[in-house]
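I opened my notebook to look up a few things in this structure. Here is what I wanted to see first.

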Amino acid sequence: MAENRVAILGIIVEDRDAAARMNGLLHEYGEYIIGRMGIPYREKQMNIISVVLDAPQGVISALSGKLGMIPGVSSKCTYGNR
């Protein structure tokens, strides 16, 4: 069994139509999500979301990769040291 890691997943949504797919993925991985914060940046017509996860590294990477494959969505991940 893989050891869990704590990570922050930064997501930028530039296409409002992509929000439903993104939220569906976050719901699918909900058991690993500790918290989520979203900030609408109306001037730039985008949303910035941070998601804190406690999950195996493979699960975190899979979620980040799936999010990044949605047109209009980009994501990057930062891991804790422990």
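**The largest pocket**

I looked up the lining of the largest pocket and found Val13, Glu14, Asp15, Arg16, Pro40, Tyr41, Arg42, Gln45, Met46 and Asn47. My note on the term: on a 1 Å grid over the protein atoms alone, a pocket is an open set of points where a 1.4 Å probe fits, with protein on both sides within 12 Å along at least five of seven lines, and lining residues have an atom within 4 Å of a point.

I'm working with a predicted model, where local features need pLDDT of at least 70, side-chain atom pairs count only at pLDDT 80 or more, and totals for chains, interfaces and linings use all residues. Residues are numbered from 1 along each chain as its sequence is written, and side-chain values use heavy atoms, with hydrogens and water left out.

How much space lies in the largest pocket? I got about 180 Å³, where volume is the space filled by probe spheres set on the grid points, joined across faces, edges and corners.

Sorting the lining gave me four nonpolar, two polar and four charged residues. Here Ala, Val, Leu, Ile, Met, Phe, Trp, Tyr, Cys and Pro count as nonpolar, Asp, Glu, Lys and Arg as charged, and the others, Gly among them, as polar.

Strands β2 (33-41) and β3 (46-56) each supply at least two lining residues. Strands (E, at least two residues) and helices (H or I, at least four) are DSSP runs, numbered from the N terminus.

**Gln45**

Gln45, one of the lining residues, sits in the loop between β2 and β3. Its phi is positive, about 50°, although Gln45 is not a glycine. Buried or exposed? Gln45 counts as exposed because its relative accessibility is 67%; the cut-offs are under 20% for buried, over 50% for exposed and partly exposed in between (1.4 Å probe, protein chains only).

**The nonpolar patch**

Next I checked the surface: Ile12, Met37, Ile39, Tyr41 and Ile48 make a nonpolar patch of about 400 Å². β2 gives the most to this patch, with three residues. Ile12 belongs to strand β1 (residues 4-13), and Ile12 is partly exposed at 32% relative accessible area.

From Ser61 to Leu9 I got 9.6 Å, C-alpha to C-alpha, with the two 52 residues apart in sequence. The C-alpha atoms of Lys66 and Val6 are separated by 19 Å.

Note on methods:
Patch = residues over 30% accessible without salt bridge, like charges linked within 9 Å, V, L, I, M, F, W, Y side chains within 5 Å. Areas by Shrake-Rupley, 256 points an atom, 1.4 Å probe, with all protein chains shown as cover. Salt bridge = Lys/Arg side-chain N within 4 Å of Asp/Glu carboxyl O.
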